[in-house]
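Subject: Structure for your reading

Dear colleague,

Please find below the structure that I promised to hand over. My notes on what was found in it follow directly after.

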Amino acid sequence: MRSRDQGLIPNISKEFPREKTLDMFRRMCLIRYFEFNVKSTYDQGLMPKSPIYLSMGQEAISAALATTINKPALFGQHRSHDIYLAFGGNPEKLIDELLGWPTGCAEGMGGSASIHCPEIKMFGHDGLMGTQVPIAVGYALATNKMTIAFMGDASAEEGYVLGSIGYAATKKAPVLFVVCDNNLSILTKTSVRRSWTMADHANFGMPSVEIADDPWLIMHHVNKLKLSLPAIINIHTCRELWHAGTGRDGDSEWNRFELTTNELVKLELGTEADRIMRHTIDYLDKLWNEKLKEQK
Amino acid sequence: MAKTVAETIKEITRQHLKSGGAAMGQCLSAVGWVGGTVPDMTEKEGLLELSMDDTSGSGIAVGYALAGRRPIFICRYQGFMHIDASQLLNYAAKSKDLWKIPCPVFIRSIAMEGAIGPVAGSSHHGMMTRMPGLTVCAPMTPKEYEHVWKTFVEKDDPFYVSEHRRSFKIDYEMPDELFYPEPDITLFPISAARLSAIEAADMLSHEGILCNIVHLLWLKPFVVLPGILNAVGASKYGGIVIDTDFENGVSKSIACDIMQHASRKVRVLGLEERTAGFAPHLDNLPPSPEKICNFVKNIIQNR
């Protein structure tokens, strides 16, 4: 049953060294406060009114993965600012991209939905839901290098996604399939669309887990799953804003960022966490302000 | 003995796999299905049997292309391209424009000569010409195939190669037939329609109707070469693009391209605008030599 504690292991946060935890939190902050700036800029009409897909609320997934897996090939979907930032994409180039500038990571061609970053082996997405999954499987088979295929709970239902997961299982492709399950296809809930789950019914015999987006829990499972690829991890998370755009339909089921900062206090890392947060906010605010000045 | 098209493809594939490339498709080991065009090699050597999920197979090929393996993606029925095409058209064809990341897939898409109902009969290359970024061609001879492969290797674009099973046994070349300085008409046939066009031109010559033939290998981008314009310009009744696909596809597009530069009319003749059935009388075959002859005579009579 979907909940903020799904699969939670007591005291799991204590399993990780302080540096690892803070590194993970640094990435969460980078994603969250970057997206705050996007929202603010978009709402003020200071950037092109093309569709934008914000990762706010879902920060823990990419942050935990990037902290745990070293230099994988990355295949994301339309909502992938988080992947780009967590794995080390240049924030400045992402701002430029969102502003439609030729200095952007995709020179203005990608917008929000089709960003890419060769420096971190992040491939762009073409806009068709789930195509990144068979493409990731092909890439992994061709290179035999660790690859992450991100998908949403909706694209997981695409025929070619299921077909290629099955093929990866058959050929032992080194892919970690990550389902960022926010329970929504725009506004249609998962239970309306299907009676099955990825971890129980679409794992094709691969190792699979279904958990909430607690970052330490993700790191715990990914550390194990990465040793027995291919594997599936279905992570329940909450999209704070609309599918596309910056609107909000009330409070989300849970606020993982807040839960994470509370846990950091329990770990006696509150002061460091607060410093990271403020530093990130200052850095990103300054960066965005400079870019917006340039724009004028 | 000269090499056939099938042997040429097999040899190209063998060499490609030996140099680290990859080839993939469904039912590759089934005798006769891909016409003996695949070398007897293993998965370890780069020959990959895909699962029967058509929709993911093309995506897997795209992934191989992004990894630099220049995959040969074999579509055993060109009609299956209707479900295979999405990732080839929307990803492979766009990748270079969008991200400056080349995605060179060599798509071998095999057309049948009818007799297979509504799904897979004949060619379906027309729909593949709609997307910028994809090169589309229809080789019918060993040297043409080699030329297409060489061009693919020299470039970094995805190629859609509209093959026809009738070509597999061909072991000779088919040069343009520009026999007449002032012909009645010039035929511009595509794929297996080239065989019918040659027959038709011969039959018409016995009736005193003079046809030149300019074979069309490259369908997209289609370049209106001076030879094409000269041929159609010298023809009393212009030209006909003859296709193994439906007329509302690349044939009309090519006819239009030629007419934008020529003063003569260029007509099209392809599959009939209806779905093919399994019963022989319900099939929908590419224009036969007789049909081409009648079409030409009709043009001349109704001038």
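B:Pro221 sits in the loop of chain B that runs between β9 (218-220) and α8 (226-234). The model is a predicted one, and in it the peptide bond leading from B:Lys220 to B:Pro221 is cis, with omega near -5°. Chain A also has a cis bond, from A:Leu229 to A:Pro230, with omega near 5°. A:Pro230 belongs to the loop between α9 (215-225) and β8 (231-236) of chain A. These bonds deserve a remark because most peptide bonds are trans, just as most residues other than glycine have a negative phi.

B:Cys27, which is not a glycine, has a positive phi near 55°. Its place is the loop between β1 (23-25) and β2 (47-49) of chain B. B:Lys100 is likewise not a glycine and has a positive phi of about 60°; this residue lies in the loop between α4 (95-99) and β4 (106-111) of chain B. Are these residues buried or exposed? B:Cys27 counts as partly exposed, because 13 C-beta neighbours lie inside 10 Å. B:Lys100 is exposed, because 12 other C-beta atoms are found within 10 Å and the exposed class covers 12 or fewer.

The sheet of chain B

Chain B contains an open sheet of 7 strands, in the order β2-β1-β3-β4-β6-β5-β9, with mixed pairing. Which strands form its edges? They are β2 and β9 of chain B, each of which pairs on one side only. On average, and with direction ignored, neighbouring strands of this sheet are turned by 20° against each other. Within the sheet, β1(B) and strand β3 (residues 72-75) of chain B run parallel and are joined by 3 bridges. One position to look for is B:Gly25, which stands opposite B:Ile74 in β3(B).

The two domains of chain B

The domain assignment divides chain B into domain 1 (5-167) and domain 2 (185-301). Their C-alpha centres lie 26 Å apart. Where the domains of chain B meet, 26 residues of domain 1 are in contact with 24 residues of domain 2. On the domain 1 side, the elements giving two or more residues are α5 (117-120), β5 (135-137) and β6 (159-164) of chain B. The largest share of that side comes from β5(B), with 3 residues. By type, the residues of the domain 1 side divide into 10 nonpolar, 13 polar and 3 charged.

The contact between the chains

Chain A brings 26 residues to the contact between the chains, and chain B brings 22 residues. On the side of chain A that touches chain B, α5 (132-143) and α6 (159-171) of chain A each supply at least two residues. The most comes from α5(A), which gives 9 residues. This side of chain A is made up of 13 nonpolar, 12 polar and 1 charged residues.

In soluble globular proteins, nonpolar side chains tend to be buried together. Here the largest nonpolar core has 177 residues, and those with the most contacts inside it include A:Val137, A:Val178, B:Val62 and B:Ile242. Helix α1 (residues 18-43) of chain A gives the most to this core, with 9 residues. The core lies between domain 1 (5-167) and domain 2 (185-301) of chain B, because both give residues to it. As for B:Ile242, its contacts beyond the neighbours within four places in sequence include B:Leu187, B:Phe188, B:Ala197, B:Leu269 and B:Ile292.

Buried elements of chain A

Helix α2 (residues 59-68) of chain A is largely enclosed by the rest of the structure, because 10 of its 10 residues are buried. Among them are A:Glu59, A:Ile61, A:Leu65 and A:Thr68. Strand β4 (residues 175-181) of chain A is also largely enclosed, because 7 of its 7 residues are buried. In a regular strand the side chains alternate between the two faces of the sheet. Both faces of β4(A) are covered: A:Val175, A:Phe177, A:Val179 and A:Asp181 are buried on one side, and A:Leu176, A:Val178 and A:Cys180 on the other. Strand β3 (residues 147-152) of chain A runs parallel to β4(A), and 6 bridges join them. In β4(A), A:Val178 is the bridge partner of A:Phe150.

With kind regards

How values were computed:
Residues are numbered from 1 along each chain as its sequence is written. Chains are lettered from A and ligands numbered from 1 in the order in which they are written. This is a predicted model: local features need pLDDT of at least 70, side-chain atom pairs count only at pLDDT 80 or more; totals for chains, interfaces and linings use all residues. Helices (H or I, at least four residues) and strands (E, at least two) are DSSP runs, numbered from the N terminus. A residue is buried if 20 or more other C-beta atoms lie within 10 Å of its own, exposed if 12 or fewer, and partly exposed in between; C-beta atoms are placed from the backbone. Domain bounds come from an automatic or database domain assignment. Two residues are in contact if their C-beta atoms, placed from the backbone, lie within 7 Å. Ala, Val, Leu, Ile, Met, Phe, Trp, Tyr, Cys and Pro count as nonpolar, Asp, Glu, Lys and Arg as charged, and the others, Gly among them, as polar. A nonpolar core is a set of buried Ala, Val, Leu, Ile, Met, Phe, Trp, Tyr and Cys residues joined through C-beta atoms within 7 Å. Two strands pair if DSSP finds at least two bridges between them. Axes are lines fitted to C-alpha atoms, for helices over the stretch in contact, and angles run from 0 to 180 degrees between N-to-C directions.
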